[in-house]
Amino acid sequence: NIPKDMVAGEHCGANYMYPGPFKNCENLNDFTFAEGITRIPNALFIGCSGLESITIPDTVTAIRTNAFSDCLNLQSVTLPKSLTTIDGYAFSGSTALREIILPDSVSVIGCGAFQGCTGLERVHIPAGVRTGEYCGNNYYPGPFNGCSGLKEVTFGEGFTTMPDALFWNATGLETITLPDTLTNISWKCFA
């Protein structure tokens with residue numbers, strides 16, 4: 001059971017010298033979050049290849065840096081309508097993930113949030129979302145960087161601005177239908 005007030009250390013997940021509490025627990029395949037948890041801590045389940053499916057509780061508003069990165073067998077993630085922020089690299093390297101539906105409440109997707117999720121084929125982007133600060137420069141990739149399997153993208157009603165570097169280096173995109181409400185395509189969106 002993950003306590004509702006659990007926090008990871010200040011540098012947890014910043015690099016491989018500061019691993020998260022369950023780093024590489026390959027046999028971890030089931031857990032529960034305590035009622036009332038509001039954020040998933042940094043690097044909590046980094047490298048937990050036994051995880052296949054996750055349902056984030058309705059009380060969660062933020063998924064922190066590297067929370068589920070390198071969970072190689074993670075295929076399904078259900079995100080709550082309360083979620084507002086997905087920090088950088090939160091799901092990076094989770095190569096079995098096939099689809100992600102970002103709820104309309106999400107306003108920020110961090111740099112590299114889904115980087116290297118090569119199995120990701122479909123994503124829904126809500127209206128009003130923006131990317132993390134600095135996304136698109138050499139050190140801070142776009143949220144879907146390296147998602148070579150990404151083919152289908154849908155957008156929330158009223159979508160007006162493509163955020164910076166949103167699909168930077170998402171080399172698998174073949175066709176994308178831009179919404180009629182779109183008025184701005186930001187820096188390096190499709191670079």
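How many disulfides does the count come to by the sulfur distance rule? I began with this question and found one disulfide, a disulfide being a pair of cysteine sulfur atoms within 2.5 Å.

**Entry 1: basis.** I noted that this is a predicted model, in which local features need pLDDT of at least 70 and side-chain atom pairs count only at pLDDT 80 or more, while totals for chains, interfaces and linings use all residues. Residues are numbered from 1 along each chain as its sequence is written, and side-chain values use heavy atoms, with hydrogens and water left out.

**Entry 2: confidence.** I looked up pLDDT, the predictor's confidence in each residue, from 0 to 100. The protein has a mean of 89, and 92% of its residues reach 70 or more. I took helices (H or I, at least four residues) and strands (E, at least two) as DSSP runs, numbered from the N terminus.

**Entry 3: the disulfide.** I located the bond between C111 and C135, with an S to S distance of 2.4 Å. C111 lies in the loop between β7 (108–109) and β8, and C135 in the loop between β9 (130–131) and β10, so the pair ties together parts 24 residues apart in sequence. I recorded the link of C111 and C135 as left-handed, with -135° about the S-S bond. Both C111 and C135 are buried; buried means under 20% relative accessible area, exposed over 50%, and partly exposed in between (1.4 Å probe, protein chains only).

**Entry 4: other cysteines.** I checked C25, whose sulfur is 5.1 Å from the closest cysteine sulfur, in C48, too far for a bond. C25 is partly exposed, at 31% relative accessibility. C71 is in no disulfide either, as the nearest cysteine sulfur, that of C48, is 5.4 Å away. C71 is buried, with a relative accessible area of 0%.

**Entry 5: S49.** I placed S49 in the loop between β1 (39–40) and β2 (53–55). S49 is buried at 17% relative accessible area. Beyond its neighbours within four places in sequence, S49 is in contact (heavy atoms within 4.5 Å) with E26, L72 and N73.

**Entry 6: the core.** I defined a nonpolar core as a set of buried Ala, Val, Leu, Ile, Met, Phe, Trp, Tyr and Cys residues joined through side-chain atoms within 4.5 Å. The largest has 47 residues, and I63, F68, F114, I125 and F167 have the most contacts inside it. β8 (122–125) and β10 (152–155) are the elements that give two or more residues to this core. Not counting residues up to four places away in sequence, I found I125 touching residues including L102, F144, V153, F155, F159, L166 and F167.
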